[in-house]
Structure formats: C-alpha cells, structure tokens
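My entries follow the order in which I looked things up.

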There are 2 protein chains.
Amino acid sequence: MSSPAPAVPPRFGVNYTPRRGWFHAWLDLDPDEIGEDLAAIASLGADHVRIFPLWPLLQPNRTRIRPRGLADVRTVVDVAARVGLDVVVDALQGHLSSFDFVPSWLTSWHRRNMFTDQEVVASTAALVRALGAALAGAGNLIGLSVGNEVNQFSASNHPDPDPLTVAEAAEWTATMLGAARESLPAGLHSVANYDAAWFLDDHAFTPDQSAALGDMTVVHSWIFDGTGQRYGGRSFETAHRGEYYLELARGFSPTPERPLWLQEFGAPQTVLDEADIPWFVTETIGNALDAPQLWGVTWWCSHDVSRDLADSPPLEHTLGLFDEHGRIKPAGEAFRDAIARGRETPTPAARGLSIDWPVGPEPLLRRSAAAPGGAVFEAWMAAAKAGERPTIRVVREAVELAGGDTRTGGAAATRHVG
Amino acid sequence: MSSPAPAVPPRFGVNYTPRRGWFHAWLDLDPDEIGEDLAAIASLGADHVRIFPLWPLLQPNRTRIRPRGLADVRTVVDVAARVGLDVVVDALQGHLSSFDFVPSWLTSWHRRNMFTDQEVVASTAALVRALGAALAGAGNLIGLSVGNEVNQFSASNHPDPDPLTVAEAAEWTATMLGAARESLPAGLHSVANYDAAWFLDDHAFTPDQSAALGDMTVVHSWIFDGTGQRYGGRSFETAHRGEYYLELARGFSPTPERPLWLQEFGAPQTVLDEADIPWFVTETIGNALDAPQLWGVTWWCSHDVSRDLADSPPLEHTLGLFDEHGRIKPAGEAFRDAIARGRETPTPAARGLSIDWPVGPEPLLRRSAAAPGGAVFEAWMAAAKAGERPTIRVVREAVELAGGDTRTGGAAATRHVG
C-alpha cells in the first residue's frame, strides 16, 4: 500500500482574483493592472496562479467564440510569465463565489442541460479546444482545469439544477478533458469539482471520476463545510482538513503515483477568527505537505473582493492575501512564510496506518461518511490526533453498515496497518 | 373626440441589429463596422435608429456601471450623428429576440424580483441615469426607451417570471422614466412594453401605463401574434395591424395630442410569404401614416442575424432590411420607397367613427377582447374594410359582457360616430 515519494517539490500558488473589478476585469482588461496584481502574488514566493475567464464573454453565442476573448486570456498568461508565474487556466466559469455566469444561449427561453445536451456539450468542448489553441506555446502554461466547480450546476441543492447520471457526468468530464488534451497535448489537465463530488450521496460527479480522469486529482478544501462549525475554528480538525482531504483523494487513486492538488483552500471568517488566520495558513500548508504525491497547494484567493462591489457573501471581502487596496494582509505574510518553509520541507515518507472506508461496490451512496462528522472523517482525525500519519483505504467489497446510517455508522471505519 | 393633427411629419427609423456579431458586437465594439451599418440604414432615407446596449455589459455588478460600457454607447450615438441619424437608446436589455440578458447578480443564487426589490430597482435606475449622463449633449439623441420589452420578465408565460402588481409595475416604470428625465430633461422618453401589456389579461403592465407614462405611447406590432395565423399573411387584417394598434393605443391617450410610436414592426416569414414582404412593408407603413398623432415608425430590424450564430428562432435570420452580408433586400427597397412616399403624405385628418371598447372600470380583465380574434379587433377591422377610418373609444363604465367571454363577447364592441 505504500507509495513512492514524488520526485519534485510541491508547487505553491494562488487563485487570482483581480483587485480592480474582480472577474469583471475581463470586460476592460488592463495588462498593467493585472501585472501589478501578479507581481504582488509573485513577491510572496508563489510559483503559479490559477485564472478564471468568464464563459459568457468567451462564448456569447453557442457558435461564436470571441478571438479577442481568447487573446485576453493569452495576454494574462503572458503577463504572468513576465513576473515568473506559471498558470493554470480554468476553462469554464460557470460559477465563481456565489455568482453563476451562464451565457444567454443556455438560460431562460434557451434553457437546456449543460452536461447532456449534445449540441451544448459539443460547443463547450469547442471552447475548451479554442482556449487550448490560443494558449499553445506559452512556456509558463501548466494546463487547463475544467471548472471552476461547474459540477455545482448538477447539484441537487442548486436553484435550477441540471440532472444527470454518473455515466453522463463521467462522459462529460472525459469529453472536456479530451478537448484540453487535443489542443494542449503536454498540459497537466484536471477537473475542478467541488465537495459535492466527494460528500454528497446523490451527486453524479464522483470521487472515482476525480481520481481517474485528467492528470491530477483535485480537491477544494473549505472549512465552512461543517469542519469549522462542528470542531471549532482553531481546532485540530480545521488544521488537518486539507491533509485529510488529500489522503481521502489518494484513497481513490488508480495508481500510487497519481498527483494530488489542493487546488483551493482559504480562511473563511464565518468559522475562523481573524486572529487565527496566520495559524490556519501555517498549519494547513504544513500538514498538507505531509501528504505524499502532493503536486501543489493553491490558496483562495489573491485579493479581497472590493467593497465597492455589491452582493458578494460577506466572507468574500476577506479571503485575500492582499486587501482591496493591494496591501499585504497577515494571511499573505503567513502564506509567504509557509512557502519559504515549505520549500525546505523534506519529501514526506509513505504513510503507514490506513483507515478503511468500506464504501461497498457502490461508493456513491456512502460518500457522506467521509464528510465532517462522518465515521471515516472522525476515525482519521482520531488516529492523527494519536500521532499516527493515517491514510485511507477505499474498500469496495460489499459491507454491512451498522444501522443503515452511512454518515455516522460505527462500522464505516476500521483501522488497518498498510 | 376629434384630435388635432400633428404639426410635424412622422419619423422613419430602424431598430439597429449589428450585422457582425449581432448584439454581441458590444463586446468588441468597432466604430468603423458600426458606421458602415449605420450608413446603409441612412441610405434608405431613415432618420433615426433605436439601439440596444446589453445590461450585463453595462452593469456587471449591481454597484459597478462600466465607464467604458457607457462610452461605447456614446460612441455609437456619435457615429450615427456622422451619417445623419438620430438615436433612441434602449436602456435595459434585458430581452432581445428570444435571448434574455440578465446580469449574474440577478440570477440563480442571486435571484430576486427585478421590479420590486428595492435594491435592484435603485440600481437599475442608477444605470438609466448613468446612461443619460453619458449621452447628455449628444445633439442627435432623441431620448431613452425603457426596455426592450422588459415587461416580459413579469409575464405569466415567462420561464421564470417576476410577479408584481399593477401598482408595482406603474411605480417601476415611473421610476425608470424619472431617472431618464432627471439625466436628460429634454429627451423624449418612453417605455417599450410588448403586447402582453395590451392583450394579456393577467399582466401587471397595462395600456394605461403605456399611455400615461413617458412622452409617447409605444406599440410593438407583430403579426405573428395571431393576426397572420388567423387572417392569413396577405390579408386586410395583416396590412392594417399596425394602424389598428396605433388607434387602440390612442384610445387610452390621456390627452388628444399624445404622440404614438410604432416602435417595432417587422415581416416574420412564419406567417408571411417572402414574396409578400414588399407588399407588407408598403401597406403597413401607408396605413400607419393614416393614424393621427403618429410620431414615427421604426422597422425591426436593420440586418439579418448571421447564420453563423446559433439558436436564434429561424425567423430572426430573415427580418432584416439588409442580409447578413450587407446587401439590401426587397424589404429594404420597399422600406426606402415607403419612406420616400411617406414624406409626401399629407397629415391625416382626425378620424370619425369610433369602435367602443367597454372595458368597464377594470380594463385589465378585458384586454384580450382587443387581441386578434377578439370582438374589438374584429369590429374595428370590419369597419375599416367597409371604408371607414375607425378609431377606438375606451369606455370605462361598468358594462355587462355577453356570456362572460371577454375575448369574443358580442357586446364588447359597438359603433359610435364620434
């Protein structure tokens, strides 16, 4: 069960939220302003950013992909190169921090399923291919990510969800990643699913898809998912939430060397005291670096959303490493220091103790056992508190669950020395 | 009941649909391409255009109105001036030819009532004021129109309607027109409601609002509303549909001199043979010019929607005076000739015969009697066929309707020599 250590040190990056105008900055792209933001990010020691062009601006009509929209994305990638940053381009926004950005040809009178309608899927894949083509040859491009969190449009708690089957979700994801591969054969491509893929029992996007499709397994670890609420802001569980999630993801890896990416994590003040944020940054990164096969960690986000902009959830105005005026915050200083320390951290050894997750032959229905408060989560945390370096073994054989409660069933987690 | 003749000849104009990129042209505004389109429109003898900036581009966040978005609108107005065209700017799109353009701060997780939520209304009024301020001093600006057809977002047949009361619809309209007046005191401002305001019994936007608010009463006359289907493409009713609608609108005018504007009319090939389009253009304009108090007629639209763009209803690719390559069509030649003839047409005399429309004290519930197939519509058309120049008298006293059928009730229309 042990895994080989990665040959390369992990990457440190930031999800880039333009300081002036947030993602609406794409409407009035100013390379100098973008360059200023990116230089600030680079000054922390980060080596990459993840960027988010808006879907309705790139593809305002199903069959019209704007050349200038693509050129704008390339411009930002090139500006990043000038300050020494590599870039992952998220291909479909889609969804960003509570706002849905869906083109008019998919809404209202033109409403149809984003994932299963064949014309829509073909056109979306065409956009991914066009983005790849526009970025070909950029030496600092890492790859494309299918997202951001576009799986939320299928989630049962979305205001207007697009229902689909597991097979359809897999096919859609494979189609988008195939389009990325076709246009950028050497890129590291991934799918940027949010939590529902891991913890929501009725969700068509699955851990197996995240772990098998694309070149890395991506997790977005947010402590407002119940971790902060249940265990407290400055708690062991909060500090180890990202690490746990990486181990959970690794449990699904089809091969031991599959890279893992903590693609989003941040410090929401809904569950974390402001004074504890530097501690959270330090602990989360330090603990995540103890996960083997870690490709990198990418903080959400670079800049606070300006208070001139309305309707964001309040926490979005506080998630930045820099404030809305561009001043570094304690989170930014802690992130900078964590990067410096992280670059000196030795490659982690393989982990020994496994927590069994008896998902049965149909893992989808038992996902919530791994969510905060679930048996797998709690068993892993207990082992970690006891000084172990636990990992997770996904057991697919049929297993009887105690009392039928998949979330807290006592039988769901057992210890196993791997 | 007779009305004074207008002192000025009617205006002839075109609703401007950019040839390259349709309304997505705003994303990549090219003044030379716009100028080419507008010069073609001016070559027909038209004196004005109506233009349609997209709401999500002007106001991507509730509290962010883009200076460059406003400047782009001003640019188009100034380009129009150079080819001798005046301009009406539609302030809220909103809705255009089957596509809804609603900013992300009003959809999905941020869904709230466009017309009644006080924060939304204040922000929408701020956009109207900002547009007015950006256009102040443009000598060729006629005014602002509140629309396009934004009342459809409240219509019961919308996929996701915003319900509101008649009083709320009136207040919203007055607020938007007040914002227009505040920023452009000398403009001719109007509200661009679509048919539902006139014919849909449960609709909160009403004929009284259209006739009392703003500086002109606006109608959008589309023969696919049942006229073409019921009476035939090349029929008397089709030829007189616009004229009838103007007379209907005049029936609600609070003062005899209230100007009327046939703000939209076009030749949908769903109900009209292509060969009959020149006849339709000629007849519709000739007959509309027989309506006293006519401010102007404005054709929908200038250019066919390019077949490179997907998902438009098929008819939208055929409504232009020019085709997608910029070549004039028979409709364009007929429109040019109709303008030339129209400029020579004497001011119409007041009309004599009135068709009573006994709407009762609550006109809202009997609107459908005036729709194609309704008693008022049929009585008016019968009188016109008999050689009269009928108008409509709105009778607000309580009236017993035959059989309770407000749409076809025989008692709904009586003749009256005014």
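These are my notes, starting with the ground rules.

**Ground rules**

I am working on a predicted model, where local features need pLDDT of at least 70, side-chain atom pairs count only at pLDDT 80 or more, and totals for chains, interfaces and linings use all residues. Residues are numbered from 1 along each chain as its sequence is written, while chains are lettered from A and ligands numbered from 1 in the order in which they are written.

**How the two chains relate**

Next I counted the contact between the chains. Two residues are in contact here if their C-beta atoms, placed from the backbone, lie within 7 Å. Chain B gives 29 residues and chain A gives 29 residues.

**Domains of chain A**

I took the bounds from the assignment, which is automatic or from a database. Chain A has domain 1 (11–342) and domain 2 (353–417). The contact between them takes 22 residues from domain 1 of chain A and 20 residues from domain 2 of chain A. I asked which elements supply the domain 1 side of chain A. Helices here are DSSP runs of H or I with at least four residues, strands are runs of E with at least two, and both are numbered from the N terminus. α6 (196–199), α7 (207–212), α8 (227–231) and α9 (236–251) of chain A each supply at least two residues. α9(A) gives the most, with 8 residues. That side of domain 1 of chain A divides into 9 nonpolar, 5 polar and 8 charged residues. I also noted that the C-alpha centres of the two domains of chain A lie 28 Å apart.

**The sheet**

I traced the sheet in chain A, pairing two strands if DSSP finds at least two bridges between them. It is an open sheet of 8 strands in the order β7-β6-β3-β2-β1-β10-β9-β8, with parallel pairing. β7 (190–191) and β8 (217–221) of chain A stand at the edges, each with a single partner strand, so one side of each is left without a neighbour in the sheet.

β8(A) joins β9(A) through 5 bridges, and A:Thr217 has A:Leu260 as its bridge partner in β9(A). β9(A) joins β10 (294–300) of chain A through 4 bridges. There A:Trp261 stands opposite A:Gly296. Is β9(A) (260–265) covered or open? It is mostly covered: 6 of its 6 residues are buried. A residue is buried if 20 or more other C-beta atoms lie within 10 Å of its own, exposed if 12 or fewer, and partly exposed in between, with C-beta atoms placed from the backbone.

**Core**

A nonpolar core is a set of buried Ala, Val, Leu, Ile, Met, Phe, Trp, Tyr and Cys residues joined through C-beta atoms within 7 Å. The largest holds 250 residues, and A:Leu131 and B:Leu131 touch the most other members. I listed the contacts of B:Leu131, leaving out residues up to four places away in sequence: B:Leu70, B:Val73, B:Val89, B:Ala91 and B:Leu144.

I found a cis peptide bond between B:Gly147 and B:Asn148, with omega about 10°. B:Asn148 sits in the loop between β6 (141–146) and α5 (166–183) of chain B. B:Glu149 lies in that loop too. B:Glu149 has a positive phi of about 50°, although it is not a glycine. B:Glu149 counts as buried, with 24 C-beta neighbours inside 10 Å.

Notes. Nonpolar A, V, L, I, M, F, W, Y, C, P; charged D, E, K, R; others polar.
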